[in-house]
Amino acid sequence: MHPFFLIVIFVVSTLLGYKIISQVPSLLHTPLMSGMNALSGVTILGAVTAFAVARHTGSELFGTLAIILAMVNVAGGFFVTHRMLSMFDRKKS
């Protein structure tokens, strides 16, 4: 595939994703974020696979960056979800 075509796909999917997410009501963000944490695990598997088949140093660097960003996404998502769910815990007296 031509690299320009891949860049166009990336830009279009980024803009489309932003448009879709911006239309979601704020009450649904927490449950959707919990579900997306599971899908981010799949992203990590894809990043590890891409890193494993990398043949060039540049590909290895991008694979490493993909793994790091996916892990930050998962950890941050779980942290925010835990914080939001703790707001609903009953306080012990």
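The reply below starts with helix 3 and then turns to the rest of the protein.

Mentor: Keep in mind that this is a predicted model. Take helix 3, which covers residues 57–86. Helix 3 is 30 residues long. From its first C-alpha to its last it reaches 43 Å, close to the 44 Å expected at 1.5 Å a residue.

Now look at burial along it. Gly63, Ala70, Val74, Gly77 and Thr81 of helix 3 are buried. Across the protein, buried residues make up 12% of the 93 residues.

Next, the annotation. An unreviewed UniProt entry lists residues 33–54 and 61–80 as "transmembrane region". In the model, residues 61–80 are 100% helix and 0% strand. The end C-alpha atoms of that stretch are 28 Å apart.

Step back to the whole fold. The protein has three helices and zero strands. Along the sequence the pattern reads α-α-α. Among contacts with a separation of 6 or more, 63% join residues 24 or more positions apart.

The surface comes next. Its accessible area is about 8000 Å², and carbon and sulfur atoms hold 75% of that. One nonpolar surface patch is formed by Ile7, Phe10, Val11 and Leu15. Together these four residues have about 430 Å² of accessible area. Val11 sits in helix 1, residues 3–22. Why does valine 11 count as partly exposed? Because its relative accessibility is 41%, and the partly exposed class lies between under 20% for buried and over 50% for exposed.

Note on methods: Residues are numbered from 1 along each chain as its sequence is written. This is a predicted model: local features need pLDDT of at least 70, side-chain atom pairs count only at pLDDT 80 or more; totals for chains, interfaces and linings use all residues. Side-chain values use heavy atoms; hydrogens and water are left out. Helices (H or I, at least four residues) and strands (E, at least two) are DSSP runs, numbered from the N terminus. Buried means under 20% relative accessible area, exposed over 50%, partly exposed in between (1.4 Å probe, protein chains only). Contact means heavy atoms within 4.5 Å. Accessible areas come from the Shrake-Rupley method with a 1.4 Å probe; for residues, only the protein chains shown count as cover. UniProt positions are given in the numbering used here, feature names are shortened, and annotations may be inferred rather than shown by experiment. Patches are made of residues with over 30% relative accessible area and no salt bridge: like charges are joined within 9 Å, nonpolar side chains (Val, Leu, Ile, Met, Phe, Trp, Tyr) within 5 Å. A salt bridge is a side-chain nitrogen of Lys or Arg within 4 Å of a carboxyl oxygen of Asp or Glu. The expected span of a helix is 1.5 Å times one less than its number of residues.
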